[in-house]
Amino acid sequence: MPDLPKKKVGIVACSGEEMAEGTVTRLAALRVLEQLRPNETVTICLPLFLAGGEGDRAFARFYPTIAIDGCDKRCAARGTEMYSGKPAASIVVTDAIQTNHLGTARRLSEAGMQAVDVVAEQVTQQVDELLGVKWDRKQGQSSKEAQPAEGLEAKIATCSCGSGIPIQKVQLDGQEVSFIALPLIFEQFRDAGKLPGDGTTAELMETVKVYNPIPDGQEAAYAQAVTREYTAFCQEKN
Amino acid sequence: MNRVVIVPCSGIGKSYGTVAREGAYVVTEDLRPDTTQLVPLSLLVLGDEQARADVSGAQAITIDGCKLACATKMVAESGGTVAHDLAVLDVYRRHRNLKPAGIAELNKGGQRLAQALAEEVATLVDEMTGEVKNA
């Protein structure tokens, strides 16, 4: 996967309001997002897959995601897969915790708070595995810190509500096709001095394909359209 | 009469989402436990049959934490009737001294804002059910 804006892992919690396990997912997600791996993770509210825009629905195709569910209905995992993309990992509280005394959805008991610790730790391990980094416990940071792309960090903050993934609509054989992350890819290529041309097209398409499935037999048409858009992008920036 | 369905946003990125959630608990557990019912948004996202039935067979009050209004949109999409849609930000505008902070744990201002929100919802519930109570 290319080094686009700093690679992060998306966390999607079910947040189920009616059960203590739902609160465990919510607090465990927040523990990871705010304390354990704040620079490596980002989240989105589950309902935004339906209520939000195309950029929101692209979330799990852009970020490798970890779904955290309170029960075996697995709303977060199934909802993410249904509307966005298959989660890279899935954790269910009732599988991870062997107690029924978590408190209430509104107020977790001590056992409930311990469950938050356990689930948060599991999520953190998954984050590290997905990012392929070793966590330096002494330093309190990953041993190989990735560098965020200039100017992009603020756009993709902890909460993705309303920001979504940048989408660009491209005319292709008379139809409008949405490309995920295309503006970011163009920006990265241009910043690297890779100008439009035959040498760049192949590499550009390899990157584009990471986030955008290309139908069989349409590679050439897609490459032509992306190259055209990239040329226009570079001309606009000059 | 069916209970009034309360659907809060399940926002996880902002304090307003937590206020919506906490306010919904105050209404359904403390203020109007006999006339309201909490329906989780995640079940509506998944199209859970029971949750959809609960929503489609009753009047709903939605509580949204941001302008994207997920709760309101999801209830409408699930075949429900949104009798009232409240935005936490609007409630905050009416109570500017109650500034919420924190997501995992609300500050005092956030807790009091959730209580104020819940009292507004309770009043609406009473109007809908024809009951008069002191919130």
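## Helix α4 of chain B

In this predicted model, the buried residues of α4(B) are Cys70(B), Ala71(B), Thr72(B), Lys73(B), Met74(B) and Val75(B). The helix spans residues 70–77 of chain B, and because six of its eight residues are buried, it is largely enclosed by the rest of the structure.

The packing partners of these buried residues come from both chains. Chain A contributes α2 (48–51). Chain B contributes the strands β1 (4–8), β3 (59–64) and β4 (81–87), along with the helices α2 (41–46) and α3 (49–56). Just after α4(B), the backbone at Gly79(B) adopts a positive phi of about 85°.

## Helix α1 of chain B

Helix α1 of chain B covers residues 15–31, a run of 17 residues. From its first C-alpha to its last it reaches 22 Å, which is close to the 24 Å expected at 1.5 Å a residue.

## The side of chain B that touches chain A

Contacts between the chains involve 27 residues of chain B and 31 residues of chain A. On the side of chain B that touches chain A, the elements giving two or more residues are α1, α2 and α4 of chain B. Of these, α2(B) supplies the largest share, with five residues. By class, this side of chain B has 17 nonpolar residues, six charged residues and four polar residues.

## Leu46 of chain A

Leu46(A) lies in the loop between β2 (41–43) and α2 of chain A. Leu46(A) counts as buried because it has 30 C-beta neighbours inside 10 Å, the threshold being 20 or more.

Beyond its neighbours within four places in sequence, Leu46(A) has contacts in both chains. Within chain A, it is in contact with Val12(A), Cys14(A), Ser15(A), Cys75(A), Ala76(A) and Gly79(A). Leu46(A) and Ile11(A), 35 residues apart in sequence, are separated by 9.8 Å from C-alpha to C-alpha.

## Chain A overall

Chain A contains ten helices and eight strands. Of its 238 residues, 42% count as buried. Among the contacts in chain A that link residues at least 6 apart in sequence, 67% join residues at least 24 apart.

Note on methods: Residues are numbered from 1 along each chain as its sequence is written. Chains are lettered from A and ligands numbered from 1 in the order in which they are written. This is a predicted model: local features need pLDDT of at least 70, side-chain atom pairs count only at pLDDT 80 or more; totals for chains, interfaces and linings use all residues. A residue is buried if 20 or more other C-beta atoms lie within 10 Å of its own, exposed if 12 or fewer, and partly exposed in between; C-beta atoms are placed from the backbone. Helices (H or I, at least four residues) and strands (E, at least two) are DSSP runs, numbered from the N terminus. Two residues are in contact if their C-beta atoms, placed from the backbone, lie within 7 Å. The expected span of a helix is 1.5 Å times one less than its number of residues. Ala, Val, Leu, Ile, Met, Phe, Trp, Tyr, Cys and Pro count as nonpolar, Asp, Glu, Lys and Arg as charged, and the others, Gly among them, as polar.
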